[in-house]
Amino acid sequence: ERDQIMGDFKALQGEHSKDRIYLRCDQFMAISLVTRGNGFNLMSRGVYQYACGTELSKIVFDLADIPDDTRPICRAILGASIDEACISELNKSGIFITEVEDRPGIFQTVALNRVILENKSELDQLIEGLESLRVRSTLIAHPEIFEECFIVTNKDPDADDILNLFHVYYSQSNKIMEELAYTFFVKYLKACEGDKLKKMLNFFTGEESIPAVGFSPKPSLRFTETSLYPSSSTCSFELVVSSGHTNFESFQSRMDQALVSHGGFGCP
């Protein structure tokens with residue numbers, strides 16, 4: 001459903017830009033704020049900086065600003081050496097790299113192009129709409145006061161938040177043990193809290209919070225008989241847990257060891 005919505009949005013984006021739909025949307029936002037209505041927590045931090053008049057060269061982006069389809073390459077830029085394949089993908093996007101070692105700078109360049117410049121027509125309409133009732137001039141003067149009205153706030157995940165992310169895949173040949181493993185996994189998550197839940201989310205997504213629009217593709221939970229330890233892919237958001245445990249204590253011990261050894265995306 002989310003993919004369908006995003007697809008429809010992209011298909012209509014150019015048409016709505018011509019019809020100045022985005023201008024009218026932010027006019028309604030301005031009216032709502034002035035009349036003590038709700039805020040609109042739709043913007044990433046980078047977009048909010050742009051709306052507040054920050055110069056393009058001074059906008060600071062983070063990974064949460066980046067659309068799903070560009071996150072894998074941005075993770076590669078931030079988390080590992082940039083190889084020829086990565087440079088080739090950047091060149092195809094019209095981003096030509098000269099200083100390969102400047103990974104933070106490369107990331108900021110990619111983010112600026114992907115988040116702001118490719119959507120500048122729509123964003124400028126939103127900004128024009130915020131000029132209504134002098135809302136934007138207030139944002140520029142006091143950006144810190146209005147952050148909570150515009151920026152997506154990602155709360156720390158709880159066990160149910162993480163469980164609800166998954167599409168669970170069972171095999172026909174080992175379904176009984178896989179269902180037992182899933183029971184262990186649910187119990188394990190319910191016993192986790194705080195930073196440990198962030199580590200679990202980071203283990204299979206590379207993120208420590210759940211984006212407002214979720215993950216695409218939808219994360220998957222699968223099972224294996226060949227290892228007693230969990231494994232993951234942060235590119236496809238896949239978590240694989242062992243169905244080889246006959247008791248929870250053994251399952252819990254291997255999960256704990258994996259999270260400690262993993263460290264977290266971009267960590268040693």
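Helices (H or I, at least four residues) and strands (E, at least two) are DSSP runs, numbered from the N terminus. In those terms, helix α12 is followed by Gly206, a residue whose phi is positive, near 80°. The structure is a predicted model, in which local features need pLDDT of at least 70 and side-chain atom pairs count only at pLDDT 80 or more, while totals for chains, interfaces and linings use all residues. Residues are numbered from 1 along each chain as its sequence is written, and side-chain values use heavy atoms, with hydrogens and water left out.

The average pLDDT (the predictor's confidence in each residue, from 0 to 100) is 81 for the protein, and 77% of the residues score at least 70. Over residues 8-16, however, the pLDDT is below 50, and this stretch has eight contacts in the model beyond near neighbours in sequence, a contact meaning heavy atoms within 4.5 Å. Residues 263-268 also have a pLDDT under 50, and there the model has 10 contacts beyond four places in sequence.

Helix α12 (195-205) is mostly covered, with eight of its 11 residues buried, where buried means under 20% relative accessible area, exposed means over 50%, and partly exposed lies in between (1.4 Å probe, protein chains only). The buried residues of α12 include Leu197, Met200, Leu201, Phe203 and Phe204, and among them are also Lys198 and Asn202.

The loop between α12 and β2 contains Pro217, and a cis peptide bond with omega of about 5° joins Ser216 to Pro217. Phe237 counts as buried, at 4% relative accessibility. As background to both features, most residues other than glycine have a negative phi, and most peptide bonds are trans.

Charged pairs form the next topic. Side chains of opposite charge can pair when their charged atoms come close. A search of the whole structure finds 10 salt bridges, each defined as a side-chain nitrogen of Lys or Arg within 4 Å of a carboxyl oxygen of Asp or Glu. One of them joins Arg222 and Glu238, with the closest N and O atoms 2.8 Å apart. This pair links distant parts of the chain, since Arg222 belongs to strand β2 (residues 220-224) and Glu238 to strand β4 (residues 238-242), 16 residues apart. Arg222 is partly exposed at 32% relative accessibility, and Glu238 is likewise partly exposed, at 23%.

Another salt bridge joins Asp124 and Lys120, its closest N and O atoms being 2.8 Å apart. Both residues lie in helix α7 (residues 120-130), four residues apart, which is about one turn of the helix. Asp124 counts as partly exposed at 28% relative accessibility, as does Lys120 at 33%. In the salt bridge between Glu55 and Lys58, the closest N and O atoms are 4.0 Å apart; Glu55 is partly exposed, with a relative accessible area of 47%, whereas Lys58 is exposed, with 55%.

Finally, the structure holds zero disulfides, a disulfide being a pair of cysteine sulfur atoms within 2.5 Å. Cys74 is buried at 0% relative accessibility, and Cys149 also counts as buried, at 17%.
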